[in-house]
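Subject: Model handover and notes

Hello,

Here is the structure we spoke about, for your files. My notes come after it.

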Amino acid sequence: MDGQDFSRTSLAIARIIEGIMAMVNQNGYQTGMGPAQWAALRYFNEANPESATILSFADNHATTRGTASRRVKSLVEKGLLERRQNTTDARSHRVVVTGTGKELLEKDPIFALVAAIQRLEPDARSDLSLLLRQVISRFEP
């Protein structure tokens, strides 16, 4: 689709969303972590034990196993994640968030966005959720 086919309103909304994510990402960089590292840390913090693997992370974040492995390795080196032998499958490892990782998650830069959303009226939050889900369902990279 050619950029000239977009309405000004659609382009303005896309730029607002881009600006919001830039603000969240900027706050994340101040902790020494990029957006991809924050996404990995959040994923493993919320994953159930069966999904706390590099392969599951790669599948859920539409990335390669190699990229996911490097991302996890960088967080292990920072002391935020650790790899543990999977007790049900010796060929794989589970990835768990360390105490240091959990402490950092308490300062998650996405919380500023959560707080801004929380300040909306309940009906506005509900409408925003519905509209953003519709945007995601129509997203074609």
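Predicted model: local features only at pLDDT ≥ 70, side-chain atom pairs only at ≥ 80, totals over all residues.

Salt bridges

The count comes to three salt bridges. One of them joins Asp108 to Arg42, with the closest N and O atoms 2.7 Å apart. Asp108 sits in the loop between α5 and α6 (110-118) and Arg42 in helix α2, so this pair ties together parts that are 66 residues apart in sequence. Both partners fall under the 20% cut-off for buried residues: Asp108 has a relative accessible area of 6%, and Arg42 has 18%.

Lys73 and Glu77 also meet through their side chains in a salt bridge, at 4.0 Å from N to O. These two are four residues apart in helix α4, and therefore separated by about one helical turn. In general, residues three or four places apart in an α-helix point the same way, because the helix has 3.6 residues a turn. Lys73 is exposed at 52% relative accessible area, and Glu77 is exposed at 61%.

Glu82 pairs with Arg84, the closest N and O atoms being 2.6 Å apart. Here Glu82 is partly exposed, at 30%, and Arg84 is partly exposed too, at 39%.

Helix α2

Helix α2 (residues 35-46) has 12 residues, which at 1.5 Å a residue should span 16 Å; its end C-alpha atoms are 17 Å apart, in agreement. Buried residues in α2 include Trp38, Leu41, Tyr43 and Phe44, along with Arg42 from the salt bridge to Asp108.

Two loop residues

Ala62 lies in the loop between α3 (54-60) and α4 (65-77). The phi of Ala62 is near 50°, a positive value in a residue other than glycine. Most residues other than glycine have a negative phi. Ala62 is exposed, with a relative accessible area of 74%.

Thr98 is in the loop between β2 (93-97) and α5 (99-105). Thr98 is buried, at 14% relative accessible area. Leaving aside neighbours within four places in sequence, Thr98 is in contact with Gly79, Leu80, Leu81 and Glu82. Glu82 is also the salt-bridge partner of Arg84.

Surface patch

Ile13, Ile17, Met21, Leu132 and Val135 make up a nonpolar patch on the surface, with about 400 Å² of accessible area together. Two or more residues of the patch come from each of α1 (8-29) and α7 (122-138), and α1 gives the most, with three. Met21 is in helix α1 and is partly exposed, with a relative accessible area of 36%.

Regards

Notes: Residues numbered from 1 in each chain as written. Heavy atoms only, no water. Expected span 1.5 Å × (residues − 1). Buried < 20%, exposed > 50% of the residue type's maximum accessible area, 1.4 Å probe, protein only. Patch = residues over 30% accessible without salt bridge, like charges linked within 9 Å, V, L, I, M, F, W, Y side chains within 5 Å. Areas by Shrake-Rupley, 256 points an atom, 1.4 Å probe, with all protein chains shown as cover. Contact = heavy atoms within 4.5 Å.
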